[in-house]
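Welcome! Have a look at the model first, and then read on.

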There are 4 protein chains.
Amino acid sequence: HHPVALITGPCQLESLDHARMMAERIAEACALTGTRFVFKASYDKANRSSLDATRGLGMEEGLRVLDLIRSEFGCPILTDVHDPSQCAPAGEVCDVLQIPAFLCRQTDLLLAAGRTGRVINIKKGQFLAPWDMSHVAAKVVSTGNENILLCERGTSFGYNTLVSDFRGLPTMEAMGYPVVFDATHSVQQPGGQGASSGGQRQFAPVLARAACAVGVSALFIETHQDPDSAPSDGPNMIPVDQMAGLISELRAFDDLRKKAFR
Amino acid sequence: HHPVALITGPCQLESLDHARMMAERIAEACALTGTRFVFKASYDKANRSSLDATRGLGMEEGLRVLDLIRSEFGCPILTDVHDPSQCAPAGEVCDVLQIPAFLCRQTDLLLAAGRTGRVINIKKGQFLAPWDMSHVAAKVVSTGNENILLCERGTSFGYNTLVSDFRGLPTMEAMGYPVVFDATHSVQQPGGQGASSGGQRQFAPVLARAACAVGVSALFIETHQDPDSAPSDGPNMIPVDQMAGLISELRAFDDLRKKAFR
Amino acid sequence: HHPVALITGPCQLESLDHARMMAERIAEACALTGTRFVFKASYDKANRSSLDATRGLGMEEGLRVLDLIRSEFGCPILTDVHDPSQCAPAGEVCDVLQIPAFLCRQTDLLLAAGRTGRVINIKKGQFLAPWDMSHVAAKVVSTGNENILLCERGTSFGYNTLVSDFRGLPTMEAMGYPVVFDATHSVQQPGGQGASSGGQRQFAPVLARAACAVGVSALFIETHQDPDSAPSDGPNMIPVDQMAGLISELRAFDDLRKKAFR
Amino acid sequence: HHPVALITGPCQLESLDHARMMAERIAEACALTGTRFVFKASYDKANRSSLDATRGLGMEEGLRVLDLIRSEFGCPILTDVHDPSQCAPAGEVCDVLQIPAFLCRQTDLLLAAGRTGRVINIKKGQFLAPWDMSHVAAKVVSTGNENILLCERGTSFGYNTLVSDFRGLPTMEAMGYPVVFDATHSVQQPGGQGASSGGQRQFAPVLARAACAVGVSALFIETHQDPDSAPSDGPNMIPVDQMAGLISELRAFDDLRKKAFR
């Protein structure tokens, strides 16, 4: 079996220096348990709640930073794409292209991403059932690319609230693709702070443990050295100095799940 | 007061001849009650459930057809845009640009649409609360364009089901924008037929009556001469030969609402 | 056709004098439009959010008061029952016995209520689909009593929120029973004030209008001379001095629905 | 720390011989891991979907059977009560009285149960938020009885579907009461088979693992020698011959949670 991998990083790129510092601290946190990680950061937050919110470095500068991180740290890189035209350039730098949840039904984006041949991490829309994702994956498969990850990040549950339905993990795994659990966005409270989304950081480790016990191939956990002053997703990111302990805990549940009961 | 207007047409453009035939039949159905209508059709269905589903005529040919319909019938035209690059060309032909529900948080699309100066009909995402729409509208307003319609089209309610929360109509109206009720997509059953969405056509008139009693500026009702063989949204479109009767009924509820109790 | 009837009264019995005053004011409000009303009040609030909340006069004293109201005002009486043993005594006084939503699956309560031969108003549980109510009604029918009303009062929608699905009204009507729309509890926010439920009084008339346009046999609207100081359901009751105007408005929508489009 | 305990047994009492056989097989399944169990069976299924469904042995005979099981097997006994009058007699025989989810707001039932001094297992209503349970528990506490368990058994999520929100477990634990996760009813599909509820047995172990990783004091798992022919809850009960393996797996996750990360 493969131990659970980690997709992690700051929500958005702030600067080359910041990305370097984060990658270094993440590498340290993962080294203790030999946990493989994919460095994740967004060059553009294209769907913020409010227009006034910070959007990031932009594609060109962002991809340059991500490329440097990959060279310096030797880790695979994940970023999210928002438009078919972004897929080819992002695919030249990144190992994994991520389809945002709101965009998971946009056929042209899925096709353009698939054509890069990169791994495609598709976030399940908050408005979709787990079983609907087979049709979403099929759009990528039609390009000849079967390197697909399916990612649970919460489902709409009334207003301004998401719920994690853990039955969805085995349901999506049965489609033949590795499943990722996004513990950061699953505890988001969309629109919960009016002009921005709130979050319940304290529940991210709780749900991540549950996901490991259920069984997943990777966890998606955003982190920051000072979440409360991060430009986005602060309320639900884990402080980076807590990551080593959290990873160690999650690895234990993952080991138990995969060694003993598979 | 202004009587309720109708946004109507076939879900997707099939051909010039088909669009002409539909526009003619719609014009007849509306003439009896003097109901103003906006002709709606999509040149591209960019987010079908399945890759195998028909997508439409494409932007160039589609806009040509829509331009001809506008010239021949003298009616305003609405189409939906899926990408910032589509807004300028669509805005040259169409009076109303529509932001699809899944895309209602995509900042660049909202800005590009707003910059055309056209009326922007923003569908409320199935994953958003009505009060979240003020931040969505503000993105368009930032371009100097306040010609905004806010459109209710159902909210996620468990899996493969939408529910219409009629408290949302006055909540959005209080933001200062005319409110549209989309009776066609509110009775959609997303993913309800596996590779395509199902629908409950029988409830579209029911919910449209409710919306008129609550109070709306416009109704969005897709129609087709033979819904069961339409390339998309067949299960929830109204047969065009029932439109005149339905419009007459809805106008009566709208009149009562606006004349007597406003 | 039968014009829409009204089930109305204060949420809970406070005293004989209060019940008399309310019945008098309700009779006046209904007289203007010739609207038939059923006087509703509870002798016991058996499922308050918090133990500290007022429960009411108790069954014996409560039924005595209700009996006097019936004699003095000549109006039918509705009260809710919470236990099989309450059905026979309540049935001797009241014309309609109401099954609370939380209790709509309790077989013995339904059977005991049915056996009184009175009209049974069954509130659809917040946890049930409209189509599940046919099995609920069948329990009452098994007693030989087919005098059943099915009442929509909101469905669970995330936490502390209800939503009114107006597709449920024709769905339940198709079972062959008159359908009631409870506008008061449909705008309740269960647990929304911590130790008690909140409410959105301003939406009760909105949803009641919608229900009339959809088509119902009766409306359930609780009222009070001073809702903000009422011992229960204050946040969602209508001030009694607004009832005449509201009834007149709702009757107009009901007339339109039943005269013109049935 | 205390290892996770098990509340288990057949959904409903079928006969003394059946209860004996089940208790024996459960005792064997638990002995391997030294897992403490509470024998659970209902003497009356008071809220079946349909009137035609089997209800059980009745209170008098049922309590006699449960008393014998306790004597013979030396295990604590849990049964559910549906009416204040049932609490005293049930409390003479049983160690734990269970408040059904639909009835968790019925004040008199909670008070009567509390007054027995027994442990009270309160199932969270499908219509309640986890934080609403503090007011429910307070009703029992008012009787001087603080032996309370709070039990998660799924929350309404659209129609005919429940979802397990694992954030609810730590939320309820923070109220100071041991938390139980009911894996059997959390995978129920209420009304999912028309006249009876369906279920997704395959997900019960999945959610039970998740609950152990999150952290619980007890698991509630119904079992039967032949679930598909059981008189109730067949679609979601675990075959008794799979219980030993399941318990062993769940104990491992529980141990990891409580030893390593508490």
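## Where chain B meets chain A

Across the interface of chain B and chain A there are 14 residue pairs in polar contact, with both residues at pLDDT 80 or more. A polar contact is a pair of N or O atoms within 3.5 Å; within protein, one must be able to donate a hydrogen and the other to accept it, and residues adjacent in sequence count only if both atoms are side-chain atoms. Helix 4 (107-115), helix 5 (133-141) and strand 7 (155-156) of chain B are the elements that give two or more residues to the side touching chain A. Helices (H or I, at least four residues) and strands (E, at least two) are DSSP runs, numbered from the N terminus. That side of chain B divides into 14 nonpolar, 13 polar and nine charged residues. Here Ala, Val, Leu, Ile, Met, Phe, Trp, Tyr, Cys and Pro count as nonpolar, Asp, Glu, Lys and Arg as charged, and the others, Gly among them, as polar.

This is a predicted model, in which local features need pLDDT of at least 70, side-chain atom pairs count only at pLDDT 80 or more, and totals for chains, interfaces and linings use all residues. Residues are numbered from 1 along each chain as its sequence is written, chains are lettered from A and ligands numbered from 1 in the order in which they are written, and side-chain values use heavy atoms, leaving out hydrogens and water.

How much area do chain B and chain A bury between them? The value is about 3300 Å², 51% of it on carbon and sulfur atoms. Buried area is the accessible area (1.4 Å probe) that two parts lose on being put together, summed over both. In chain B, the residues that lose the most area to chain A are B:Leu51, B:Arg105 and B:Tyr159, together 22% of what that side buries.

## Pairs of opposite charge

Side chains of opposite charge can pair when their charged atoms come close. In a salt bridge, a side-chain nitrogen of Lys or Arg is within 4 Å of a carboxyl oxygen of Asp or Glu. Over all chains, the structure holds 60 salt bridges. Two of them cross the interface of chain B and chain A, and one joins B:Asp108 to A:Arg55, with the closest N and O atoms 2.7 Å apart.

## Chain C and chain D

Chain C and chain D also bury about 3300 Å² between them. The count of salt bridges here is two, including one between the side chains of D:Asp108 and C:Arg55 (2.7 Å, N to O). There are 16 residue pairs in polar contact between chain C and chain D.

## Two helices inside chain B

Helix 1 (residues 16-31) and helix 2 (residues 59-73) of chain B pack at an angle of about 35 degrees, their axes 10 Å apart. Axes are lines fitted to C-alpha atoms, for helices over the stretch in contact, and angles run from 0 to 180 degrees between N-to-C directions. The residues of this contact divide into seven nonpolar, no polar and three charged.

Within helix 1 of chain B, B:Asp17 and B:Arg20 lie three residues apart, about one turn of the helix. Their side chains meet in a salt bridge (3.9 Å, N to O).
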